[in-house]
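Hi,

Here is the structure I said I'd pass on. Have a look at it first, then read my notes below.

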Amino acid sequence: MRFCQHHRIHLISNEVYAKSIYNTPSNTTATPFSSTLSIPTNTLIDPALVHILYGMSKDFSSNGLRCGVLLSQSNPSILACSKSIAVFAWPTSTTEYYWTSILNDRSFLDYYFADNSRRLAASYAHVTSFFTDHGIKWIEGSNAGFFLWADFRGLLGADIIVNTEEREQVEAVAVNERPSQIYKTSKRAKKIDEWFFRKLLEAKVFIASGDAFFAEEHGWYRITFSLPEKVLQLGLERLKSVLEEVKKEGGPS
């Protein structure tokens, strides 16, 4: 906040995962969520520079209803500008009624958020146990949200791992290219990654390729684990079959 104040930068706090927090084996004491609104800003930043975003899509598993909130308590100009374009994206009256009813039901919210946290923790444990059993590494320590950043490079062979010297050479000539091109440091690595992704689609299991998130290296994927147990298990079984094929075939020709 002090940095934003010093440089007169607007601070936008996206709190869309505020209530999707859970404990994991690598983080057994998840830090409770604290909203930017709970921080006294008077001595830190001009309140007119602070804005909060929230919505139904994550915590309430309702991304299809397209309903969100912009909270800017001390900047009427921002609100006026937002209102001028919000008319083109108003939620339906049904959505408004649905969310209002939920937010006014405190007993339901207490139950729902506790159960949501428990289920997310169970799904996280389910997927990471599968990863451990099959030699898949992932970034540990997360305790919020619905995703895991998984590293499949060790299962896709040495050719997908680019050495530092090669990466530096390509980055040196790729400075002026768009970000997604900078990490594509090996045609062979790119080919292996695309081959693996096709294998996944053919097995009817979709995990998001790191290419969609400007990953620095091929072989990284984003796994969504916030699914019903039976659906999650089916997806993991299909993923297992792909991994077995990959092990047999070794890679694309």
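The mean pLDDT (the predictor's confidence in each residue, from 0 to 100) is 86 for this protein, and 89% of its residues reach 70 or more. Helices (H or I, at least four residues) and strands (E, at least two) are DSSP runs, numbered from the N terminus. Where pLDDT is low, the predicted coordinates should not be read in detail.

Some ground rules: this is a predicted model, where local features need pLDDT of at least 70 and side-chain atom pairs count only at pLDDT 80 or more, while totals for chains, interfaces and linings use all residues. Residues are numbered from 1 along each chain as its sequence is written, and side-chain values use heavy atoms, with hydrogens and water left out.

Now the rings! Rings of Phe, Tyr and Trp (its six-membered ring) pair if their centres lie within 6.5 Å; planes under 30 degrees apart are stacked, over 60 edge-to-face, the rest tilted. That gives 22 aromatic pairs. In one of them, Phe108 and Tyr111 have ring centres 6.4 Å apart and planes at 55°, so the pair is tilted. Both sit in helix α4 (residues 106-133), three residues apart, about one turn of the helix.

Phe152 and Phe196 are tilted too, with centres 5.4 Å apart and planes at 45°. Phe152 is in the loop between β5 (147-151) and α5 (153-156) and Phe196 in helix α8 (residues 187-202), so this pair ties together parts 44 residues apart in sequence.

Cheers
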